[in-house]
Amino acid sequence: MSQPLSIAVVGSGYVGLVAAVCFAEIGHHVICVDNDESKVKMLREGRVPIHEEYLEELLKRNTTNPVEFTSDLANATRRAQAIFIAVGTPQSKTGSADLSYVDAVASEIARSIDSYKVIVEKSTVPVYTNEWIRRVIERNGVPKELFDIASNPEFLREGTAVVDFLHADRIVVGAETERAGTLLKKIYEPLTNGSYYKKADAVPGICSEKNPPPILLTSTKAAEIIKHASNAFLAMKISFINVVANICEAVGADVEEVAKGIGSDGRIGPKFLRAGIGYGGSCFPKDVAAFRYVAEQLGVDFSLLKEVEAINEEQKRRFFQKVRSALWTFRGKRIGVLGLSFKGGTDDIRDSPALDIVQLLVKEGSTVVAFDPAAEARSKEVIPPSDKMLYVDSPYAAAQDADALLILSDWQEFADLDLKKLHYTLRYPIIIDGRNLYDPVDMIEHGFTYLSVGRPSLFHARDAASSSRQLP
Ligand SMILES: NC(=O)c1ccc[n+]([C@@H]2O[C@H](COP(=O)([O-])OP(=O)(O)OC[C@H]3O[C@@H](n4cnc5c(N)ncnc54)[C@H](O)[C@@H]3O)[C@@H](O)[C@H]2O)c1
């Protein structure tokens with residue numbers, strides 16, 4: 001059995017909280033630090049502030065080795081052997097990553113270092129951030145031999161974060177010294193040696209005792225670049241398939257068939273080839289912008305990423321036009337909306353394309369009746385309820401008497417709707433699906449006019465009588 005280590009995780013958001021709970025799950029002693037006192041209080045009471053499968057269960061189950069929640073970073077620093085920084089790195093006005101939270105945490109850690117520590121960048125940061133953290137810590141008078149900086153980027157996806165963490169495709173560790181690399185390897189040992197997966201109550205996933213996740217040891221700079229480049233590449237894949245979808249639409253081909261054909265090529269792979277209303281969330285938009293900024297600062301032309309961003313914006317506009325083509329005008333229309341989070345399985349609404357579309361609909365004079373299984377509370381902070389923006393508690397309540405129903409997030413429950421019920425609930429049986437959750441032929445057979453992305457728009461006979469094709 002691996003030796004338990006003392007770990008501090010700074011930041012209890014989507015990454016920090018998941019990392020803290022999973023480090024405890026694999027046997028370590030974990031202190032999770034946040035400067036948001038209300039979050040700390042909530043977590044101490046066993047309540048989880050984010051929607052993430054397995055999180056609450058693991059938090060409750062590890063009672064013999066519970067995660068400690070605190071706002072006292074100084075104390076956590078003194079007690080920990082490794083301190084993971086997992087605070088936010090939002091986009092600044094220039095497009096670069098705003099590293100002020102990382103800077104603040106590094107200074108505070110520096111003031112409390114009294115023995116050797118490894119300070120680990122878990123947040124997504126631009127290359128050279130490790131050098132800046134080192135400088136900040138040395139400026140605060142900490143001798144070189146008392147610390148190392150390592151980079152351990154996180155690749156989890158919201159919605160499946162716990163499973164992604166415990167069943168990673170790979171664990172990347174960037175370290176300059178053997179001492180730091182060895183400590184990080186020890187932390188992940190219960191995963192990399194497969195022992196975790198032998199536990200009867202291990203969270204199930206793709207890894208196993210015989211097939212544990214590989215650990216890649218790199219330089220800190222390479223690890224930093226790996227994270228930015230991975231997210232930029234995935235965003236590029238999404239923008240790529242969205243343009244292909246627009247070509248499919250123009251010629252009447254089905255992008256789902258095309259994506260299957262492309263993705264079956266082992267060099268390309270099927271993931272992230274889902275056409276839709278564009279990427280969003282707290283990572284891709286800001287990480288693409290930050291990586292582009294890094295390239296610019298280094299004098300490297302990476303205008304490819306500018307195109308990725310432009311296509312993503314255009315995709316939302318095109319979808320909005322599609323809604324217009326089905327409804328003609330917006331003022332006075334009642335529009336049901338399924339999904340407000342940036343994707344299914346999460347309550348995260350940061351940079352959600354769904355919210356952008358909803359805001360446009362309200363601005364154009366429609367009444368939006370929205371349902372999201374987890375993101376209602378957060379959405380209300382951005383678009384408060386009003387006579388133009390109603391929040392309801394089921395997909396059918398969103399559809400009730402609506403002129404059309406839009407599907408904007410790919411929650412599984414939106415793919416399993418009772419189509420007969422939906423048909424008689426809607427005022428007009430029009431569905432505009434931004435996530436391609438249904439088969440167009442099946443929808444027309446159920447009596448719907450069905451518009452989706454990158455597939456032929458199918459107008460029901462009743463609609464087709466007056467508009468046998470999509471009008472501009
Ligand atoms: N969300 C994701 O899916 C994801 C995936 C991989 C990587 N990342 C990266 O991980 C980092 C964190 O992302 P997130 O989504 O978890 O952010 P988040 O906003 O959900 O959480 C950040 C947390 O840090 C806390 N915090 C801020 N300043 C602090 C301080 N001085 N001391 C203690 N706590 C402080 C905040 O209160 C908040 O709880 C970002 O760099 C992000 O790009 C995110």
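Reply: Here is a walk through that meeting place, starting with the ground rules.

This is a predicted model, where local features need pLDDT of at least 70, side-chain atom pairs count only at pLDDT 80 or more, and totals for chains, interfaces and linings use all residues. Residues are numbered from 1 along each chain as its sequence is written, and side-chain values use heavy atoms, with hydrogens and water left out.

An automatic or database domain assignment gives domain 1 (6–218), domain 2 (230–311) and domain 3 (314–466). The C-alpha centres of domain 1 and domain 3 are 38 Å apart. Still, 7 residues of domain 1 are in contact (heavy atoms within 4.5 Å) with 10 residues of domain 3. Together these two domains bury about 640 Å², with 38% of that on carbon and sulfur atoms; buried area here is the accessible area (1.4 Å probe) lost on putting two parts together, summed over both. On the domain 1 side, Y14, H51 and E158 supply 78% of the area buried against domain 3, more than any other three residues.

What about charge? There is 1 salt bridge between domain 1 and domain 3, meaning a side-chain nitrogen of Lys or Arg within 4 Å of a carboxyl oxygen of Asp or Glu. R350 and E158 form a salt bridge through their side chains, at 3.8 Å from N to O.

Now the ligand. E158 turns up again: along with D34, K39, T89 and K286, E158 comes nearest among the 26 residues around the ligand, where "around" means a heavy atom within 4 Å. R350 is there too, with a side-chain N or O atom 2.9 Å from an oxygen atom of the ligand. S282 places a polar side-chain atom 3.4 Å from a ligand nitrogen.

As for confidence, the mean pLDDT (the predictor's confidence in each residue, from 0 to 100) is 95, and 97% of residues reach 70 or more. Residues 465–469 are below 50.

Key
A polar contact is a pair of N or O atoms within 3.5 Å; within protein, one must be able to donate a hydrogen and the other to accept it, and residues adjacent in sequence count only if both atoms are side-chain atoms.
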